[in-house]
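The following exercises are intended for a reader who is new to this structure. Each one sets a task and then works through a solution step by step.

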Amino acid sequence: MTEMSPRAAVVASLASSLSRAVALGDVAAARVVHEAIARLLGLPVVELRRV
């Protein structure tokens with residue numbers, strides 16, 4: 001199994017938060033998290049160098 005990129009890990013975490021906000025009916029929080037996910041997905045992928 002390949003290791004998840006740092007960005008993918010953050011998006012996965014935010015997706016969980018988005019689901020929780022929707023389940024709780026917190027529309028404002030859901031919108032903020034949705035925007036954060038969209039911004040992360042719109043960024044170019046950056047290769048991290050391991051030192």
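**Exercise 1. Determine whether Ile37 is buried or exposed, and state where Ile37 is placed.**

Solution. Ile37 has a relative accessibility of 12%, so Ile37 counts as buried; buried means under 20% relative accessible area, exposed over 50%, and partly exposed in between, with a 1.4 Å probe and protein chains only. The place of Ile37 is in helix α2. The model is a predicted one, in which local features need pLDDT of at least 70 and side-chain atom pairs count only at pLDDT 80 or more, while totals for chains, interfaces and linings use all residues. Residues are numbered from 1 along each chain as its sequence is written, and side-chain values use heavy atoms, with hydrogens and water left out.

**Exercise 2. Identify the residues that Ile37 contacts, leaving aside its neighbours within four places in sequence.**

Solution. Contact means heavy atoms within 4.5 Å. On that basis, Ile37 is in contact with Val11, Leu14, Ala15 and Leu18. For Val11, the C-alpha to C-alpha distance from Ile37 is 6.0 Å, although 26 residues separate the two in sequence. Ala12 lies 9.1 Å from Ile37, C-alpha to C-alpha, at a sequence separation of 25 residues. Ala12 belongs to helix α1, residues 6-24, and is partly exposed, with a relative accessible area of 40%.

**Exercise 3. Describe the setting of Val33 in helix α2.**

Solution. Val33 has a relative accessible area of 14% and is therefore buried. Not counting residues up to four places away in sequence, Val33 touches Leu14, Ser17 and Leu18.

**Exercise 4. State how the axes of α1 and α2 are arranged.**

Solution. The chain has 2 helices and 0 strands; helices (H or I, at least four residues) and strands (E, at least two) are DSSP runs, numbered from the N terminus. The axes of α1 and α2 (residues 27-42) come within 9 Å and cross at roughly 160 degrees. That makes α1 roughly antiparallel to α2, a term for angles over 145 degrees, where angles run from 0 to 180 degrees between N-to-C directions. Among the α1 residues that meet α2 are Arg7, Val10 and Val22; among those of α2 that meet α1 are Ala29, His34 and Leu41. The residues of this contact divide into 14 nonpolar, 2 polar and 1 charged. Here Ala, Val, Leu, Ile, Met, Phe, Trp, Tyr, Cys and Pro count as nonpolar, Asp, Glu, Lys and Arg as charged, and the others, Gly among them, as polar.

How values were computed
Angles under 35 degrees count as roughly parallel, over 145 as roughly antiparallel, 65 to 115 as roughly perpendicular and the rest as oblique.
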